Amino acid sequence: MSFKDYQFHPKINAGITSCGYTVPTPIQKEAIPSVLAGRDILGLAQTGTGKTAAFVLPLLQRLVSGPRKNVRSLIVAPTRELAEQIHVNIGQMAHHTNIRSVVIYGGVGKQPQIKGVQAGAQIIVACPGRLLDLLNEKAFNLRSVEVLVLDEADHMFDKGFLPDIRRIIKQLPRNRQTLVFSATMPKEIRHLAEDILQNPVTVQINNSLPAPSISHLLYQVSKTKKTALLKSLITKKVMTRTLVFTRTKHKAKSLALQLQRSGFSATAIQGNLSQSKRQQAMDGFRDGTYKILVATDIAARGIDVSDISHVVNYDVPDTAETYTHRTGRTGRASRSGEAFTFASHDDSKMVALIERIPGYKMNREPLPELVKEADQGMVSEKSDRVLRGTARRKKPSTVSRSKKRRSAATSFDFGISRREQR
Ligand code: AMP
């Protein structure tokens, strides 16, 4: 199967060729024919599966003929980075056509965005808040929209955007094609989909399974040794482009600074940055100025850098779904990648939850010599077993009670396995 089989307009085929796409990805194979046929779609797919092209290419095919000057399609995304990324992708795929998109989000001037629409953009890619502001100000209207796309709908729900989305939808013609993409399907998204989709085709691409090209590795390490471990791995392994996740904005910033001071080319992207600083960090990571980008989950949504070699969970994510989102940043479009998770004993429950997902079993890796150090504090036997990946209880020994107590103390007083202590 090749893109030629869809009989896209030659100018769109030229765009596909310049993007370097030859064979459609599974979601593209599933979705493109139905979108071309004008059907509504409920797409369950995570980032990194090629879902942007799955909706943009049939959209371009529709727009390549018909009226030129109206806004004929609206794509709504939860973050500025994702909106920007979709806009850039459209620019690449539509390069040989006259179809233009304009991107709309807060934190930057409104006038260039309004002018972009007035200049005849046929596609608006927008975050909900700013779009609603401009609609309320009557800067333009959406009465000629034929196709609505909601991307990363679950994340829009996480960010509390669903009421805004419903307000925006009220301003669209009822007679339109609607495509909803979401990595997960919480009940709020299911209800929204039921309300706004008509007789949809459901497309599901191995939603809970990781891309097969990703290796999952776990380092059992105390909190105080995580930075030393990261530095050691960056020095020893070939990590061409690494995305590091921390739990807090503050940690993202301080870790990037620590790495810079140690001579690594690192930067951070977190919610407190101005739009221009975020863009600088993103561009620097994309063009290779920075080899390491430290980010929080919210800030990292929408990052689409195609050849991320490593994802590091410096802090273990709060949910198994977040683990999927994070690690989906590497191994994209069939490239291979590695995902490292740094887990201390407090993380054993979440590690166990993540590993319950088929295909997510992590290889236990020994700590590099320099990083090995005793942890402080008692740990439970259960969490120790989870992190060491040893499922069953050891055989009860026949030693005396007092000896048993002494050996238990030596086993559990340390946050690393006995093998590693040697
Ligand atoms: P997405 O899931 O849309 O964020 O896409 C993930 C990555 O896959 C992006 O870097 C796309 O440029 C790339 N991609 C999309 N479709 C294809 C394809 N058919 N062949 C190769 N790469 C693709």
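Q: Helices (H or I, at least four residues) and strands (E, at least two) are DSSP runs, numbered from the N terminus. How many helices and strands are there in the chain?

A: The chain has 18 helices and 14 strands. Keep in mind that this is a predicted model: local features need pLDDT of at least 70 and side-chain atom pairs count only at pLDDT 80 or more, while totals for chains, interfaces and linings use all residues. Residues are numbered from 1 along each chain, as its sequence is written.

Q: How do I read a sheet, and what order do the strands of the open one take?

A: Two strands pair if DSSP finds at least two bridges between them. Here seven strands make an open sheet with parallel pairing, ordered 10-11-9-12-13-8-14. For a close-up, take strand 9 (residues 242–245) and strand 11 (residues 292–295), which pair in the parallel sense over four bridges. There, Leu-243 sits opposite Leu-293 in strand 11.

Q: Which strands does helix 14 lie across?

A: Two ideas first. Residues are in contact if their C-beta atoms, placed from the backbone, lie within 7 Å. Axes are lines fitted to C-alpha atoms (for helices, over the stretch in contact), and angles run from 0 to 180 degrees between N-to-C directions. Helix 14 (residues 320–327) lies across strands 8, 9, 12 and 13, at about 150 degrees to strand 12. Helix 10 (residues 226–236) lies across strands 8, 9, 11, 12 and 13, at about 160 degrees to strand 13.

Q: What share of the residues is buried, and how is the largest nonpolar core built?

A: Buried means 20 or more other C-beta atoms within 10 Å of a residue's own, exposed means 12 or fewer, and partly exposed is in between. Of the 422 residues in the chain, 44% are buried. A nonpolar core joins buried Ala, Val, Leu, Ile, Met, Phe, Trp, Tyr and Cys residues through C-beta atoms within 7 Å. The largest has 63 residues, and Leu-60 and Ile-124 are among those touching the most other members. Helix 3 (residues 51–63) gives the most to this core, eight residues. Apart from it lies another core of 45 residues, including Leu-230, Leu-293 and Phe-340.

Q: Where is Arg-166 found, and why does it count as partly exposed?

A: Arg-166 is in helix 8 (residues 162–170). Arg-166 counts as partly exposed because it has 13 C-beta neighbours inside 10 Å.

Definitions and conventions:
Two residues are in contact if their C-beta atoms, placed from the backbone, lie within 7 Å.
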